[in-house]
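These notebook entries record what I looked up in a predicted model. I began with the salt bridges and then turned to a sheet and to single residues.

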Amino acid sequence: TTGLDKYDYNTPYTQTVVASGGTGTKTFAITAGSLPEGFTLSATGVISGTSTQVADSNFTITATDASGCTVIKSFELQLSQIPITVTANASQSKVYGENDPTFTFTASPNLLPGDSFTGALDRVSGENVSSYKITQGSLSAGDKYLIIYNSANFSITQKPITVTAEAKSKTYGDADPVLTYT
């Protein structure tokens, strides 16, 4: 076997390691490094298990034939996608007529060192006073991550205004003046 298929987070995995040549039945063992947590290697060369490890694993397998001859091969077993939960922060709002804020969120677990989010959350369109669903928009953490998105509502609130009546007067019997305000 020259390489291993990537594994999916919290999903059963099985792959057989094969060594050709030699004599008789071969036995397999991990002789350096380690498999992802939750995985095992059988003596017949079957890697299997379910892992919630959020990292790739490097290890060495030694195959030994019936005559005691060995072949050693190093492998990297990569995680296909790391699931992360992105949750839009609740209680985000703006006053009617203002620009939208940058929508904020929390993510769990944290991204691996060196990885970062790109893009941004968005929202359902509309400018009237109301609630609008915050969407995932273009937010991404790259191909290594599977985003599980939890939305929240964004509110546009009423714009407060102050109306001041201008002072007016009239003499008894005259027509009412035009009322004005600022």
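**Entry 1. Asp56 and Lys144.** I looked up the pair Asp56 and Lys144 and found a salt bridge, with the closest N and O atoms 3.4 Å apart. Asp56 sits in the loop between β4 and β5 (57–64), and Lys144 in the loop between β11 (130–135) and β12 (145–150); the pair therefore ties together parts that are 88 residues apart in sequence. I noted Asp56 as partly exposed, because its relative accessibility is 24%. Lys144, at 29%, is also recorded as partly exposed. The count of salt bridges comes to six.

Entry 2. I next examined Lys94 and Glu127, whose side chains meet in a salt bridge at 2.8 Å, N to O. Lys94 belongs to strand β8 (residues 92–95) and Glu127 to the loop between β10 (122–123) and β11, so this pair ties together parts 33 residues apart in sequence. Lys94 has a relative accessible area of 5% and is buried, whereas Glu127 is partly exposed at 44%.

I then checked Asp100, which forms a salt bridge with Arg123; here the closest N and O atoms are 2.7 Å apart. Asp100 is in the loop between β8 and β9 (105–108) and Arg123 in strand β10, a link between distant parts of the chain, 23 residues apart. I recorded Asp100 as partly exposed, with 32% relative accessibility, and Arg123 as buried, with 8%. Through shared partners, salt bridges join Lys94, Asp100, Arg123 and Glu127 into one network.

**Entry 3. An open sheet.** I traced a sheet of three strands, open and antiparallel, in the order β1-β4-β3. Its edge strands are β1 (13–16) and β3 (39–41), each of which pairs on one side only. On average, neighbouring strands of this sheet are turned by 10° against each other, direction ignored. Between β3 and β4 (residues 46–49) I found three bridges, and these two strands run antiparallel.

**Entry 4. Ile47.** Which residue of β4 is the bridge partner of Leu41? I found that it is Ile47. Ile47 counts as buried because its relative accessibility is 0%. Leaving aside neighbours within four places in sequence, I listed its contacts, among them Leu4, Tyr13, Val17, Leu35, Phe39, Phe59 and Ile61. I also checked Thr135, 88 residues from Ile47 along the chain: the two C-alpha atoms are separated by 40 Å.

**Entry 5. Ser20.** Is Ser20 buried or exposed? Ser20 is exposed, with a relative accessible area of 73%. I located Ser20 in the loop between β1 and β2 (27–33). Ser20 and Asp65 are 45 residues apart in sequence and 9.8 Å apart in space, C-alpha to C-alpha.

Conventions:
Residues are numbered from 1 along each chain as its sequence is written. This is a predicted model: local features need pLDDT of at least 70, side-chain atom pairs count only at pLDDT 80 or more; totals for chains, interfaces and linings use all residues. Side-chain values use heavy atoms; hydrogens and water are left out. Two strands pair if DSSP finds at least two bridges between them. Helices (H or I, at least four residues) and strands (E, at least two) are DSSP runs, numbered from the N terminus. Axes are lines fitted to C-alpha atoms, for helices over the stretch in contact, and angles run from 0 to 180 degrees between N-to-C directions. Buried means under 20% relative accessible area, exposed over 50%, partly exposed in between (1.4 Å probe, protein chains only). Contact means heavy atoms within 4.5 Å. A salt bridge is a side-chain nitrogen of Lys or Arg within 4 Å of a carboxyl oxygen of Asp or Glu.
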